[in-house]
Structures are given as structure tokens and as C-alpha cells.
Amino acid sequence: MTLDAESFSLLRASVQRFIDERLKPAEDILEETDDVPADIVSDMKEMGLFGISIPENYGGIGLSMAQECDVVYDLGHTALAFRSVFGTNVGIGSQGILMDGTEEQKQAYLPKIASGELIISFALTEPNAGSDAASLQTKAELDGDHYVINGTKRFITNAPRAGAFTLMARTGGPGASGISSFIVPADTPGISLGKPDKKMGQRGTKTCDVVLENVRVPAANIIGGVPGVGFKTAMKVLDRGRLHLSALACGMAERLLDDAVAYAKERRQFGHPIGDFQLIQGMLADSRAELYAGLSMVRDCAQRYDAKTPGKSDPEVSMLASCTKMFCTEMVGRVADRAVQIHGGAGYIAEYKAERFYRDVRLLRLYEGTTQIQQMIIAKQLLRD
Ligand SMILES: Cc1cc2nc3c(=O)[nH]c(=O)nc-3n(C[C@H](O)[C@H](O)[C@H](O)COP(=O)(O)OP(=O)(O)OC[C@H]3O[C@@H](n4cnc5c(N)ncnc54)[C@H](O)[C@@H]3O)c2cc1C
């Protein structure tokens, strides 16, 4: 799946224009309202952003992973909450259906996901199952031709906006092989939402608990129609998501670096712009070199991802995606920290974006597998028989 080069360069140019002309000027609105303005969301739908990763025959734009990473890198140059509105449709919410769904499920859901008519969330994490997702406790019990689902999902991105969830629940015994992935419409009786989570950063993103009490879902809503393979689906989805987040981290690192360079040129101390001082130059240079390394990893790994068999996981590519996610998300943390330092006291003041982005990027090292989980995946592959 790939978009031809000419159409892709037109798309990318229009996304870049949208970021500069519409998103960057609205960054403060996110902070003030803790939401993304409705007119921006409708422009995103019109541009096709909800469907960039979905093939054209299901109503999407059909970008390759490498192309998606380029677009997401661009989107990283502004507040991360903008991308989050359609991030679950592009990534963790939709990809399970695309990779492992039946043709009927793909036809029923993907066109609505691609257009943005339906927001879809990914519900794996629970109060007692985070990094150890295979220990999840949400139960789905067969009753005739339906499953009855009970449990609580935690920190679910876009849950307050969602029309459906891809949701992992236990249909069998303990461990990963007892887990199935379901498509659960959000208006199914028995689903309720917790209060919105108050977060460290990324104002404008929405997360909350999803509580399921005797939620009846047709057995036909198991992704792919096969129980017991839902954990594998979830892991394949997360592999892919790790590259997407890595590209986002690199985009934000470049934005932070651009802001730091501009400040270093303008701010004067001791009769000179602070950019004249070698200690400041060292911080800028370290950030630039690390960004280059991160972006090179993203581009290399995305190409490897595109070269493997679609929908199948390749342990080597998964391991490299973990290396990339670990490096890029840690890297943007260091770049953000230096950007605050270069801004001096102003870096601690909300009026300057370094303060806000410093908080925003902290999440990237936590979700879709913490840095420690990436280390475990990398080491497991290195030490395998
Ligand atoms: C804003 C936000 C949005 C999110 N969106 C979603 C979403 O849309 N869908 C979804 O399903 N989930 C979502 N999550 C959940 C997220 O993926 C989890 O928070 C994350 O996987 C970590 O799980 P946990 O919070 O339970 O931490 P824990 O697993 O409790 O980890 C706590 C600490 O222990 C470390 N640790 C755990 N196990 C080990 C080990 N074996 N070895 C070494 N260290 C270890 C971790 O790295 C971490 O430092 C979101 C979270 C946040 C904060």
C-alpha cells in the first residue's frame, strides 16, 4: 500500500500549510479550552487525515508506513493534541480491523473510520493490567450467539469522542492465548465512561475509564471471527503504533529545536546573543545530532516495515520498532529539557511553548509500551535461542 509520489507530495504540502496556517495559530486555544475546535476537526476530516493509513478501497488515502511517518513527523511540529483527535483512527483503533478483521468487518467499519464519521479507540489497559497487558481481567462470556463483557478499561484515548472501541477481553483461560479482540459500539447498553482524566500535559486530548457492565456484543464482533488471537492482534497494532509515535517525537524535537535556536539568536546576555556562547551551542548541537539519529531510525525502520509481509509480524522489525520508539521518545525528552534550559527562566513560564511541550512529550515514553517494555522486547529478541 502506497500513494504515488506526486499525489503524496501534494498531500504533504497541503498538510504542512494546514499546520502553519491553521494549527500553530490555534495552539493556545487548546490550552484555554482543553479541546480541539470543531472547525479544525471538520477540516481534518475534509483533508482525509482520519484515513491516511487505510487503503483506498476502504475509503482512505492508503499511505505506506514510510509516508505516514513523514506526515506524522510534520504534525509533530505543533501541539500533539491535534494529532490525537485522529490518531486512534489512523493507528491503534483501526489497524486491528485492517490487519486481522473479516472482509465484512472491514467493509462495515473502515470507510466510516477513514472519513472520521466514526471515532474509534483502542481499549487494552486496565487498572491492574498496564505493561503486563496479557494479564487483563475484563471477561467476555459466551451466551448464545453473544458475548457478555464485564470489566474496566483505563486511560483510553478518545473514549469520550468514540463511536466504537477495539477492545481486548478474556474469552478463555489465563495468559495471552485467552484474549480476544472485539469491536464494541460505544452506545451498547452497559457501557459508561469515567470522569475525564486530568493530565500533566497534552491539553485538548481526551482520556478516561471505560466501564463495561453486562455489555452484550454479537460473537460476530470478534475481530477476524476467531477467539483467542486478540493479544497477537493488539501486539501487531502496537508495533506499528511505535513507529508512528517515533515520527511524532522527531517532529516535536525539531519544533523545540527551532524555537530554541530562535530564542538563542534573539536573547542577549553579557552583551551578546546567548547563541554566541559555546555552552549554549553545545546543547543545540547535541539536540540536532540526536534528532538526526532518531529520524534516520524512523526512516530506516519504516522502510523495513513496508518491505515485510503486510499484516504479519516480523520479530526483527518489531525489535527495531522498539529500538526506534525507545530512542526517539527518550531523545525528545532530552531535547525538550535543553529547550527549557536555553530559554532560562522563560522556559518555565507558560507563555513560552517550551514549558508546554516539555510536559506534552513526557507521555511519549509511557504509552504504547514504556521505555522499560521496549528494553524488554529488544533484549528478548537479542537473547532468543
Ligand atoms: C494519556 C494516556 C493515554 C493512554 N491511552 C491509551 C489507550 O488509548 N489505550 C490503552 O489501552 N491504553 C492507553 N494508555 C495506557 C498506557 O499504555 C499505559 O499507561 C502504559 O502501557 C503503562 O502501563 P501502566 O500505566 O499500568 O504502568 P505499569 O505497567 O504499572 O508500570 C509502572 C512502571 O513499572 C515499569 N515496569 C512494569 N513492568 C516492568 C518490568 N517487567 N520490568 C521493568 N519495569 C517494568 C514500567 O515501565 C513503569 O515505569 C494511555 C495512558 C496514558 C497516560
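Start by selecting the shell around the ligand: its residues divide into 10 nonpolar, 7 polar and 2 charged. In that tally Ala, Val, Leu, Ile, Met, Phe, Trp, Tyr, Cys and Pro count as nonpolar, Asp, Glu, Lys and Arg as charged, and the others, Gly among them, as polar.

Before you click further, note that this is a predicted model, in which local features need pLDDT of at least 70 and side-chain atom pairs count only at pLDDT 80 or more, while totals for chains, interfaces and linings use all residues. Residues are numbered from 1 along each chain as its sequence is written, and side-chain values use heavy atoms, with hydrogens and water left out.

**Around the ligand**

Stay with the shell and highlight Phe122, Thr125, Ser131, Thr370 and Gln372, which come nearest of the 19 residues around the ligand. A residue is near a molecule if one of its heavy atoms lies within 4 Å of it.

Now colour by secondary structure. Strand S1 (120-123), strand S3 (146-157) and helix H12 (371-383) each supply at least two residues of the shell, and S3 gives the largest share, 3 residues. Helices (H or I, at least four residues) and strands (E, at least two) are DSSP runs, numbered from the N terminus.

Next, draw some distances. Phenylalanine 155 has a polar backbone atom 2.8 Å from a ligand nitrogen. For threonine 157, pick a polar side-chain atom: a nitrogen atom of the ligand is 2.7 Å away. At threonine 370, a polar side-chain atom lies 2.6 Å from a ligand oxygen. Taken alone, the ligand exposes 970 Å², and the protein buries 64% of that; these areas come from the Shrake-Rupley method with a 1.4 Å probe.

**Two annotated stretches**

Select residues 121-215, which UniProt lists in an unreviewed entry as "domain: Acyl-CoA oxidase/dehydrogenase middle". Here the chain is 0% helix and 48% strand, with its end C-alpha atoms 17 Å apart.

Then move to residues 9-117, listed by UniProt (unreviewed entry) as "domain: Acyl-CoA dehydrogenase/oxidase N-terminal". This stretch is 67% helix and 0% strand, and its end C-alpha atoms are 26 Å apart.

**Last stop: glutamine 95**

Zoom in on glutamine 95, in helix H6 (residues 95-100). Is glutamine 95 buried or exposed? Glutamine 95 counts as buried because its relative accessibility is 3%, where buried means under 20% relative accessible area (1.4 Å probe, protein chains only). Leaving aside neighbours within four places in sequence, glutamine 95 is in contact with Ser53, Val90, Val237 and Arg240; contact means heavy atoms within 4.5 Å.

Key:
A polar contact is a pair of N or O atoms within 3.5 Å; within protein, one must be able to donate a hydrogen and the other to accept it, and residues adjacent in sequence count only if both atoms are side-chain atoms. UniProt positions are given in the numbering used here, feature names are shortened, and annotations may be inferred rather than shown by experiment. Buried means under 20% relative accessible area, exposed over 50%, partly exposed in between (1.4 Å probe, protein chains only).
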